[in-house]
Amino acid sequence: MRPEALLHPTPAGLFCPIGRFHVDPVRPVERALITHGHSDHARSGHGKVLATRQTLDIMRIRYGDDFCGSEQAVEFGERVDVNGVTVCFHPAGHVLGSAQILIQKDGLRINVSGDYKRGTDPTCASFEPVACDVFITEATFGLPVFHHPDPKGEIGKLLTSLKQFPERSHLIGAYALGKAQRVIRLIRDCGYHEPIFIHGALARLCDYYREQGIDLGEIRPATLEKKDPGAFKGAVVVGPPSAFQDRWARRFNEPLIAFASGWMMVRQRAKQGGVELPLVISDHCDWPELLSTIREIEPSEVWVTHGREEALVRWCELQGIPARPLHLVGYEDEGD
Ligand SMILES: [Zn+2]
């Protein structure tokens, strides 16, 4: 069987005609397999949804009880038959519950890795290399200029700044699912044990991570009821990046704006966003991780879904691995 007969791109996303399902569809479909809870991959309104328990829980938190017609939870490593096609979820190391989806039929194995990273992250299960014929990868940071530093070194910059500017409220922009919890956990691992304040938009997901056994230390809501700007002097406040553009941020004491994102490698982006303290912390692979993953898995073919596809495709070809860009649209890497 040609791989395209088992899985191919459509406007709604990757589609398996034999199994009659889509993977991470960007439009409502009859049956969806979802890699992880970021809003560009996990949308509401599908008929049936197959995903890990954690991804289903996260979708419920974000979209409400009626986020799909019916749901089915799958364990990592469990083989599920979908209309004669075998699917199996493996950890992707991206955010809590994130999975790669291995699709098998008649000896042909296609692995949709979703979003993934290789670096250590105590807030989710680590990426597992899965043998396959076709490896489908993203390329969010698919250019040789992208090298993500050690995240603890980045948190070190934050802790140094707190010492240098003990009066200023340190506001850290971090996406609500995954990045925010990882940043809080990293701050704890670097020895900071004061209460950390969070924007209301992060509350339910932080609660969920804690329910799942991820210790975030003492977390308090960053509410300014008394309108006392002195209340958060020298405090660490984590919120979604969007919150820092509005009045919410201006209520803090001499706010120092930090932003935790892989994009903070690009100086221009930090400048444009008014970020004083860029923290290069990514939940995606950097360029060396993309290459080492492909070398490790040794697939016979690579398909690149979105991001900077061309450079990665070219690199694969130079290694003698057939590769092609899928040019999937609708994936805006919410998580980075
Ligand atoms: Zn993601």
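Q: What volume does the second largest pocket have?
A: In this predicted model, the second largest pocket has a volume of about 150 Å³. The largest pocket, for its part, has a volume of about 280 Å³.

Q: Which residues line the second largest pocket, and how do they divide by class?
A: The lining consists of Met 264, Met 265, Arg 267, Ala 270, Lys 271, Val 275, Pro 278 and Val 280. By class, 6 are nonpolar, 2 are charged and no residue is polar. Helix 7 (residues 267–272) provides the largest share, 3 residues.

Q: Which residues lie nearest the centre of the largest pocket?
A: Of the 18 residues that line the largest pocket, Gly 119, Thr 120, Asp 150, Pro 151 and Arg 182 lie nearest its centre. Helix 3 (151–164) and helix 4 (179–189) are the elements that give two or more residues to this lining, and helix 4 gives the largest share, 3 residues. The lining has 7 charged, 6 nonpolar and 5 polar residues.

Q: Which protein atoms are the donors of the zinc ion?
A: The donors are His 36 (NE2), His 38 (ND1), His 94 (NE2) and Asp 115 (OD), at 2.2 to 2.3 Å from the zinc ion. Along the chain, their spacing is H-x1-H-x55-H-x20-D. His 94 lies in the loop between strand 8 (85–91) and strand 9 (99–105), and Asp 115 in the loop between strand 10 (108–112) and strand 11 (134–139), so this pair ties together parts 21 residues apart in sequence.

Q: Are His 94 and Asp 115 buried or exposed?
A: Both His 94 and Asp 115 are buried.

Q: Why is the arrangement around the zinc ion irregular?
A: Four donors count as tetrahedral if all angles lie between 85 and 135 degrees. Here the 4 donor atoms subtend angles of 89 to 166°, and the arrangement is therefore irregular.

Definitions and conventions. Residues numbered from 1 in each chain as written. Predicted model: local features only at pLDDT ≥ 70, side-chain atom pairs only at ≥ 80, totals over all residues. Heavy atoms only, no water. Donors = N, O, S within 2.8 Å, 3.2 Å for Na, K, Ca; no water. Tetrahedral: all angles 85-135°; square planar, octahedral: opposite > 155°, others 65-115°. Helix = DSSP H or I, 4+ residues; strand = E, 2+ residues; numbered from the N terminus. Buried < 20%, exposed > 50% of the residue type's maximum accessible area, 1.4 Å probe, protein only. 1 Å grid on protein atoms, 1.4 Å probe; cavity = no way out; pocket = protein on both sides within 12 Å on 5 of 7 lines; lining within 4 Å. Points joined across faces, edges and corners; volume = space filled by probe spheres on them. Nonpolar A, V, L, I, M, F, W, Y, C, P; charged D, E, K, R; others polar.
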